[in-house]
Amino acid sequence: MDAHDLSLDDNRTIQAIGILADVLDGVEGPGGLDTVLVSKALRQVIATKSQPAFEFASRAFNTLEPSVRRQVAETADEAAHHAVELRGRVGGFLSTAAKKPVPQGPVVGQQPNFITALNLRSRRRPNQPT
C-alpha cells in the first residue's frame, strides 16, 4: 500500500494519523525536535485532508532515525489497540464496528516507514464483518 491508496476522507485513517501525531509528541531524547515537527505536519494533514500535506508528512516521518520510527510504530500500534478496546467497552465510541484480529506487521528487519506505521494500527484491530 502506498500513500495514494489511503483515503484522507476515511475516519480510521485520520484516527491513525492522530495516534501517530500523539505518539510523536511524546518522544523524548535525541530527535525530539524532529518528532515534534513531524507531529505538526501530521496535524496539518488532519486539518486539511490534503494529499500534498500527507505526502510531506510521510517524507518527514521517513527522515526520522530508524530506531525512532520503530519506537513510534510500536507505540502507535499499542495505542490503536487500546483505542479499539475502549471502543468495544463503550459500545461504538469511535463509530466503527469491531473487527476480528488480522495479524500483520513489517517484514523482519524492515525499517518502519510512514505507511507501515499507519498500517500497523490494523494488526491487532478486529475485522469488520463482511
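Predicted model: local features only at pLDDT ≥ 70, side-chain atom pairs only at ≥ 80, totals over all residues.

Reader: Fine. How many residues has α1, and how far does it reach from its first C-alpha to its last?

Author: α1 has 15 residues and reaches 21 Å, close to the 21 Å expected at 1.5 Å a residue.

Reader: And α2, what should its residues span?

Author: The 17 residues of α2 should span 24 Å at 1.5 Å a residue, and its end C-alpha atoms are 25 Å apart, which agrees.

Reader: Back to α1. How many of its residues are buried?

Author: Eleven of the 15, so α1 is largely enclosed by the rest of the structure. Among them are R12, T13, I14, A16 and I17.

Reader: Which residues are buried in α2?

Author: G32, T35, V38, S39, A41, L42 and V45.

Reader: Now the largest nonpolar core. Which residues touch the most other members?

Author: I17, L42 and V72, out of the 28 residues in that core. At least two residues of the core come from each of α1, α2, α3, α4 and α5. The largest share, eight residues, is supplied by α1.

Reader: Take I14. Where is it, and is it buried or exposed?

Author: I14 is in helix α1. Its relative accessible area is 13%, and buried means under 20%, so I14 is buried.

Reader: What is I14 in contact with, leaving aside its neighbours within four places in sequence?

Author: L8, I46 and K49. I14 and K49 are 35 residues apart along the chain, and their C-alpha atoms are separated by 8.4 Å.

Reader: Different topic: R69. Which helix is it in?

Author: R69 lies in α4. R69 is buried yet has no salt bridge.

Reader: Which side chain of opposite charge is nearest to R69?

Author: E65, which is 7.3 Å away. A salt bridge needs the side-chain nitrogen and the carboxyl oxygen within 4 Å.

Reader: Then which backbone oxygen lies 3.1 Å from a polar atom of the R69 side chain?

Author: That of N62.

How values were computed. Residues numbered from 1 in each chain as written. Heavy atoms only, no water. Core = buried A, V, L, I, M, F, W, Y, C linked by side-chain atoms within 4.5 Å. Buried < 20%, exposed > 50% of the residue type's maximum accessible area, 1.4 Å probe, protein only. Helix = DSSP H or I, 4+ residues; strand = E, 2+ residues; numbered from the N terminus. Lys, Arg positive; Asp, Glu negative; His and termini not counted. Polar contact = N/O pair within 3.5 Å; in protein donor to acceptor, adjacent residues only side chain to side chain. Expected span 1.5 Å × (residues − 1). Contact = heavy atoms within 4.5 Å.
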